[in-house]
There are 2 protein chains.
Amino acid sequence: MTLTPLMIDLGGKKVVIVGGGRVAERRVQNLLESGALLTVISPEIEEKIHSLWEKGLLNWRQKYFEAEDLDNAFLIIVATNNSVVNQSVVQATPPNSLLSVASDANQGNVQFPAHFKQGKLSVSISTNGASPLLSAKIKKHLHTIYDENYGDYVDFLYESRQLIKHSALAKKEQKLLLKDLLREDFLNKDKQRKKLVCLKGDILK
Amino acid sequence: MTLTPLMIDLGGKKVVIVGGGRVAERRVQNLLESGALLTVISPEIEEKIHSLWEKGLLNWRQKYFEAEDLDNAFLIIVATNNSVVNQSVVQATPPNSLLSVASDANQGNVQFPAHFKQGKLSVSISTNGASPLLSAKIKKHLHTIYDENYGDYVDFLYESRQLIKHSALAKKEQKLLLKDLLREDFLNKDKQRKKLVCLKGDILK
């Protein structure tokens with residue numbers, strides 16, 4: 001199975017998580033900042049899921065799984081420890097739905113990579129099942145390289161790019177300016193501040 | 001917009017690319033190894049797309065876009081340079097479909113991160129629109145760190161993990177063995193070979 005890495009906007013989309021145990025909890029945590037409308041289907045739920053539900057951060061349907069629970073779901077996550085239930089969710093999943101099966105990744109078409117964010121920068125690591133431990137180790141290592149300062153640098157690039165793209169400059173000039181921003185010295189915050197002042201002056205004049 | 005990184009199995013899925021120019025070509029190249037059934041909708045196509053079509057690697061519908069072209073599509077990629085056509089594809093896209101709009105990422109719900117593979121290792125970088133140039137630069141840098149040898153190492157981890165997971169060892173012992181494989185010295189090929197011989201001997205005896 002070849003997996004394709006994609007960045008998906010789950011904002012406002014219904015994500016159904018069948019199961020309320022530790023695997024479900026991990027997925028809920030993964031998706032809390034995604035903007036998805038999370039619905040957990042399970043007679044019982046872990047304390048942490050319960051407290052998120054109390055805060056209004058997810059929906060909880062306190063019940064056993066039925067096929068109707070998948071209506072309009074954009075992404076379905078199968079996370080119970082009961083293989084019969086898991087199988088019935090897989091069978092009820094409409095074709096072309098996004099499906100993640102925690103107990104057997106091969107049954108679904110979605111897997112969650114190891115992943116960190118630093119401001120607008122997002123880095124994902126997957127070993128396609130070879131070693132989740134290695135994915136986690138690489139993630140930890142890269143997170144120390146691409147640290148908070150780096151996140152600020154990416155924010156600076158974003159702000160600069162918006163200024164340049166919305167300017168009256170010719171495409172060619174825009175390209176040169178954008179390329180120039182990748183110089184190492186712009187990792188320095190003072191240089192960033194000065195550059196932004198210059199860009200605003202040049203472009204808005 | 002917050003984007004969630006997911007690994008998606010496109011194998012056997014219909015992916016419709018509307019447009020036949022350079023942007024379409026880039027996406028086709030991105031997806032050639034995904035196992036997706038690629039269909040390009042366009043009266044004209046770039047030479048490279050044409051040659052892939054001749055090799056039977058994609059379908060080409062030589063025509064203008066119509067809403068029916070999206071039937072059963074798992075992923076829709078809008079890639080013409082005609083904003084009216086692009087808009088009509090966006091409007092014809094059924095709710096809950098995966099949609100990528102090259103000219104305006106905010107209109108779709110899918111973006112393609114910068115990405116490299118090294119054996120089973122897959123690393124993706126996105127700056128959420130802050131700087132595609134930086135994504136490409138980070139990708140290039142990480143690709144030199146996680147080189148071919150590293151790909152072999154990940155293959156070794158995969159083989160070892162399969163042996164361990166299918167053994168009669170207790171879960172706790174399996175965990176210890178899997179963790180031990182992350183020792184730096186296993187980056188050495190000789191050590192890998194010896195370890196595999198040991199694992200096979202220990203587990204199969």
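Student: How much area do chain A and chain B bury between them, and what share of it is on carbon and sulfur atoms?

Tutor: Buried area is the accessible area, taken with a 1.4 Å probe, that two parts lose on being put together, summed over both. In this predicted model, chain A and chain B bury about 5,400 Å² between them, with 62% of it on carbon and sulfur atoms. A:Pro5, A:Leu6 and A:Met7 supply 14% of the area that chain A buries against chain B, more than any other three residues. As to conventions, residues are numbered from 1 along each chain as its sequence is written, and chains are lettered from A in the order in which they are written. Local features need pLDDT of at least 70, side-chain atom pairs count only at pLDDT 80 or more, and totals for chains, interfaces and linings use all residues, while side-chain values use heavy atoms, with hydrogens and water left out.

Student: How many residues of each chain are in contact?

Tutor: With contact meaning heavy atoms within 4.5 Å, 57 residues of chain A are in contact with 57 residues of chain B.

Student: How many salt bridges are there between chain A and chain B?

Tutor: Side chains of opposite charge can pair when their charged atoms come close. A salt bridge is a side-chain nitrogen of Lys or Arg within 4 Å of a carboxyl oxygen of Asp or Glu, and the count between chain A and chain B is two. A:Glu184 forms one with B:Lys137, the closest N and O atoms being 3.4 Å apart, and the side chains of B:Glu184 and A:Lys137 meet in a salt bridge at 3.4 Å, N to O. B:Glu184 lies in the loop between helix H6 (171–180) and helix H7 (189–204) of chain B and A:Lys137 in helix H4 of chain A, so this pair joins two chains; helices are DSSP runs of H or I with at least four residues, and strands are runs of E with at least two, numbered from the N terminus.

Student: In which sense do E9(A) and strand E9 of chain B pair?

Tutor: Two strands pair if DSSP finds at least two bridges between them; E9(A) and strand E9 (residues 121–126) of chain B pair in the antiparallel sense over five bridges, and A:Ile125 has B:Val123 as its bridge partner in E9(B).
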